[in-house]
Amino acid sequence: MHQVEIATTRETLLDSPEMVLNMGPQHPSTHGVLRVVLRLDGETVIDLDCDIGYLHRGMEKIAENRQYPMIAPYWDRLDYIAAVSNGLVWVETVEQMMRLEVPPRAHYIRTILTELNRISSHLLWLATHALDIGAVTILLWALREREEVLKIFERQFGARLTCHAWRIGGMPSDAYEGFSADVNRFVNNFPKRIDEYETVLSENRIWLGRTVGIGVISAEDAVAIGLSGPALRGSGVAWDIRKARPYAAYADVDFDVPVGENGDTYDRYLVRLEEMRQSRRIVQQALEKMPDGPVNAKTPKIIKPPPGEYYHSIEGPKGEIGGRHA
Amino acid sequence: MPLVNVPKPTFSQKLKRFFLVDLMKGLGLTLKYNLGAITDRDAVAGHGIYTEQYPKVRPDVAPRFHGAPRLNMDPETHDTLCIACNLCALACPEDCIDVIAMDIEITVAGKPRKKKVLDEFIFDTSRCMFCALCQEACPTACLELTQDFELATYSRAGFVWNREMLEQGRETVKYES
Ligand code: SF4
Ligand code: SF4
């Protein structure tokens with residue numbers, strides 16, 4: 001573990017020495033295995049040091065002796081909350097290396113389903129984040145909406161979490177019967193649900209007390225430490241790969257990139273809520289414009305991209321996710 | 001640590017805070033849901049109860065669901081559809097499948113010929129990640145991932161399915177509703 005100088009000049013409550021507390025890597029509340037060394041003054045966290053790497057599962061090594069189509073299901077498991085987005089990086093990387101022309105219908109269905117995945121990922125974030133700081137109700141409400149999305153995934157891909165959603169060159173099968181109706185129902189109901197979350201949280205004094213001014217990351221710091229996704233935008237940096245380097249059908253839909261002002265937890269909360277609204281807008285537009293036609297490109301039987309280095313990245317729900325082929 | 005400029009609350013905001021308006025709004029919404037759960041009605045979704053009564057009521061899983069594997073048989077002759085081509089085993093990233101074939105003697109147009117047929121089929125559900133690559137590789141629609149999702153067993157050995165289990169399916173406990 002790398003060492004970080006932690007300033008100890010601050011006076012502590014009751015003049016007692018600061019307490020150093022080791023949280024994780026197995027602490028159940030860390031949502032994934034992360035080790036955090038905390039310096040505490042009473043209940044205030046003065047400083048902390050993160051030790052990452054506990055989720056390293058040797059995916060690269062596994063990928064070394066698998067064929068190209070076989071690697072896709074493993075990519076889902078890099079972030080099982082956003083398996084549909086993750087799967088997209090892999091297939092798009094290989095498609096671009098092989099210069100496959102993916103039909104527009106597949107691009108639109110991919111856009112709809114990755115945006116639904118963004119919503120479900122943000123909902124799970126909202127659920128667990130609210131739960132951790134004391135709002136249990138939101139957990140149940142957010143999971144209720146997430147269930148709607150997972151049902152659509154189940155009907156489309158045959159699985160709810162690790163969907164194995166895409167195949168190189170297109171999709172395993174076309175949108176199921178009733179896909180538009182299901183997505184439309186979700187799209188119509190969802191704004192009222194977000195408003196409900198806002199009613200309970202956005203003005204609530206306990207919520208404000210526990211998020212406003214907490215965990216502030218300035219825009220310079222956010223860029224310097226390489227943050228991306230909603231965490232970066234919460235600090236006020238308008239960077240979104242969907243706008244900067246559009247992939248799938250994002251060039252054809254209209255949406256805004258919300259940014260925060262202060263870079264605190266409350267701003268990141270607002271950014272994520274607004275992103276869910278924007279995702280809903282994207283889904284709605286993509287569903288309207290979705291063309292008919294095939295969903296698979298002419299793909300060779302044996303998938304063998306030309307050797308060489310290639311990098312392609314997309315905007316996942318949690319930030320930039322890239323696939324690098326070397 | 002950079003500090004944040006939080007705007008000072010206005011008088012009306014202070015007044016609202018004093019009368020607990022923010023908390024009351026949230027509580028009102030929660031109470032509305034309690035009422036919805038009693039009457040099973042909700043303005044947005046049309047129903048207020050979300051709990052599924054599993055195992056008494058089994059959930060309707062989607063037709064495309066990737067669950068327990070099955071080897072399909074010809075509905076008329078009840079012969080297996082498997083031609084022992086081994087493509088499913090080659091497509092599987094996790095090496096879960098073992099296709100064991102044997103040669104039998106048949107007569108084609110009066111001449112003796114050898115034909116490869118399926119002898120035994122081993123499917124290790126403990127390592128399977130239900131990605132359905134095997135199902136897509138199968139040329140005869142023999143291997144299929146079905147809607148059955150109850151795969152728990154009492155032993156590790158129970159996860160390894162043989163041809164009989166794959167063809168007949170497994171008995172699962174059904175509960176009266
Ligand atoms: S579903 Fe995937 S992991 Fe399971 S046996 Fe088939 S190919 Fe292998
Ligand atoms: S791919 Fe189908 S036909 Fe070939 S061995 Fe597997 S189950 Fe049998």
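This report describes the domains of chain B and the interface of chain B with chain A.

The model is predicted, so local features need pLDDT of at least 70 and side-chain atom pairs count only at pLDDT 80 or more, while totals for chains, interfaces and linings use all residues. Residues are numbered from 1 along each chain as its sequence is written, chains are lettered from A in the order in which they are written, and side-chain values use heavy atoms, with hydrogens and water left out.

**Domains of chain B**

The bounds below come from an automatic or database domain assignment.

| Domain of chain B | Residues |
|---|---|
| domain 1 | 9–51 |
| domain 2 | 69–168 |

The C-alpha centres of domain 1 and domain 2 of chain B lie 55 Å apart.

**Interface with chain A**

Contact (heavy atoms within 4.5 Å) joins 36 residues of chain B to 39 residues of chain A. The buried area, meaning the accessible area (1.4 Å probe) that two parts lose on being put together, summed over both, is about 3100 Å² between chain B and chain A. Carbon and sulfur atoms give 57% of that area.

Between the two chains there are 4 salt bridges, each a side-chain nitrogen of Lys or Arg within 4 Å of a carboxyl oxygen of Asp or Glu. B:Glu94 and A:Arg66 meet through their side chains in a salt bridge, at 3.9 Å from N to O. On the side of chain B that touches chain A, the elements giving two or more residues are α1 (11–18), α2 (21–39), α3 (87–91) and α4 (133–137) of chain B; such helices are DSSP runs (H or I, at least four residues), numbered from the N terminus. Of these, α2(B) gives the most, with 8 residues.
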